[in-house]
Amino acid sequence: MTETRAPLITPVLVAGCIIILISFAVRASFGVFQIPIATEFNWPRAEFSLAIAIQNLAWGIGQPIFGAIAEKIGDRKAIIMGALIYAVGLVASSMAVTPEAHQMLEVLVGFGIAGTGFGVILAVVGRASSDENRSMSLAIATAAGSAGQVFGAPLAEYLLSFMTWQNVFVVFAAAILATLALLPLMKTETIASKSELEDSMGQILIKAFKDPSYTLIFLGFFSCGYQLAFITAHFPAFVTEMCGAIDPSGTLAAVGVSTTSALGAISISLIGLANIAGTLFAGYLGKTYSKKNLLAAIYTGRTIVAALFILMPITPTSVIIFSIAMGSLWLATVPLTSGLVAHIYGLRYMGTLYGIVFFSHQLGSFLGVWLGGRMYDAFGDYTMVWWIGVGVGAFSAIVHLPVKEQPLSARTA
């Protein structure tokens, strides 16, 4: 009898990719609003930076919560809750006129991202995939987030050219709600081993918390959040203000990129575009090679790229090279980290366990965004924040090396 191989592309994967794509397109655009909002209200840079930082922290807090909700009452109900909260947060933010109001409302946006982002969607995709396809499925879903980043910031920049930032927020809220039409496709059976089914969520959590490898994975994900959130929130403004002038007769001007502001938005898009290839390649390598060693290599690469960039003059060429190089390493950590958690601790409570690890990522995100704004206001540039990112990247490369990649059930059997 001919063995039938499980398909890689499934309705669950397609629907999950579209939801993540739209959710992350909106999330990745917030850096574009940094200057317009601060200019309209005459706020210090730190005020809106703190709002984005709170958004990232709320996302991290909400991730294990939505993971647990999905595992208790169903994935689709968790996604509905997330989309509704996301949309309400965006619409309410469009009416906010004080820093405190923006900062409070970003809690809703952060929780909305948690309900429509990696934690819930990757858990569904992981459970719907065969063992052979899981690494690539997680990589494809992660790459969809990068695809959202490709057009999220430029789309926001384009919309801002003929409408107010308040109206852009409302348009984005409508787009988030439109993803709910895909929920009928997000149906999967829970696939778990006998030992996983015998353990309650509390028992699995206790086992994970007692395992030093889980702690190392948790600590290692911190720098990923720090670097990504800082760049997403501040890089457009950084490029606008710090980059050398664009040659009006050069290639960039010829394709319509004539200002450093436009280059700042395009740089986020380039990062997302390069990351699609980088994430898919990481998922492909994760099928064969040690995930912890791949993670250590990625963090080492990020550390080197960031250090070289800040040491060199900031020019349009260096911005483009940096965006492509960093983009190739951008979210490549996500399918490897989520796949590592699933491999070691099983699929049954993957959403909750990955959600807790992701909280470390978002602690880093909060610090990266907040420090970016505070240090810019204090020193007039982002240099110190960049060097902190270099240091935490090196730390993450080191802490992944001692992780024991063997499944916990095999180690404790």
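How do the axes of H7 and helix H13 (residues 260–286) cross, and within what distance do they come? Select both helices to find out. Their axes come within 8 Å and cross at roughly 175°. Axes here are lines fitted to C-alpha atoms, for helices over the stretch in contact, with angles from 0 to 180 degrees between N-to-C directions. H7 is therefore roughly antiparallel to H13. Angles over 145 degrees count as roughly antiparallel, under 35 as roughly parallel, 65 to 115 as roughly perpendicular, and the rest as oblique. By class, this contact has 15 nonpolar, 11 polar and one charged residues. Ala, Val, Leu, Ile, Met, Phe, Trp, Tyr, Cys and Pro count as nonpolar, Asp, Glu, Lys and Arg as charged, and the others, Gly among them, as polar.

Some ground rules before the next stop. This is a predicted model, where local features need pLDDT of at least 70 and side-chain atom pairs count only at pLDDT 80 or more, while totals for chains, interfaces and linings use all residues. Residues are numbered from 1 along each chain as its sequence is written, and side-chain values use heavy atoms, leaving out hydrogens and water. Helices (H or I, at least four residues) and strands (E, at least two) are DSSP runs, numbered from the N terminus.

**Stop: arginine 134**

Stay on H7, residues 134–160, and select arginine 134. Is arginine 134 buried or exposed? Its relative accessibility is 12%, so arginine 134 counts as buried. Buried means under 20% relative accessible area, exposed over 50%, and partly exposed in between (1.4 Å probe, protein chains only). Now follow the side chain of arginine 134: it reaches the backbone oxygen of glycine 126 at 2.9 Å. Leaving aside neighbours within four places in sequence, arginine 134 is in contact with Gly126, Ser129 and Leu347. Contact means heavy atoms within 4.5 Å.

**Stop: H14 and H18**

Select residues 291–311 for H14 and 383–399 for H18. Their axes come within 8 Å and cross at roughly 160°. H14 and H18 are therefore roughly antiparallel to each other. Show the side chains where they meet: H14 brings residues including Tyr299, Thr303 and Phe309, and H18 brings residues including Trp386, Trp387 and Val390. The contact of H14 with H18 has 12 nonpolar, four polar and no charged residues.

**Stop: H2 and H8**

Go to H2 and helix H8 (residues 165–178), which pack at about 135° with axes 11 Å apart. H2 and H8 are therefore oblique to each other. Ile37, Glu40 and Phe41 of H2 meet Trp165, Gln166 and Phe169 of H8. These residues divide into four nonpolar, one polar and one charged.

Next, select asparagine 42, in the loop between helix H2 (34–41) and helix H3 (45–73). With 68% relative accessibility, asparagine 42 counts as exposed. Its phi is near 60°, a positive value in a residue other than glycine. Most residues other than glycine have a negative phi.

Select isoleucine 79 in helix H4 (residues 75–94). Isoleucine 79 is buried, with a relative accessible area of 0%. Beyond residues up to four places away in sequence, isoleucine 79 touches Ile19, Gly115, Thr116, Val120, Ile121, Leu180, Leu183 and Met186.

Finish at isoleucine 324 in helix H15 (residues 316–327). Isoleucine 324 is partly exposed, at 42% relative accessible area.

How values were computed:
Polar contact = N/O pair within 3.5 Å; in protein donor to acceptor, adjacent residues only side chain to side chain.
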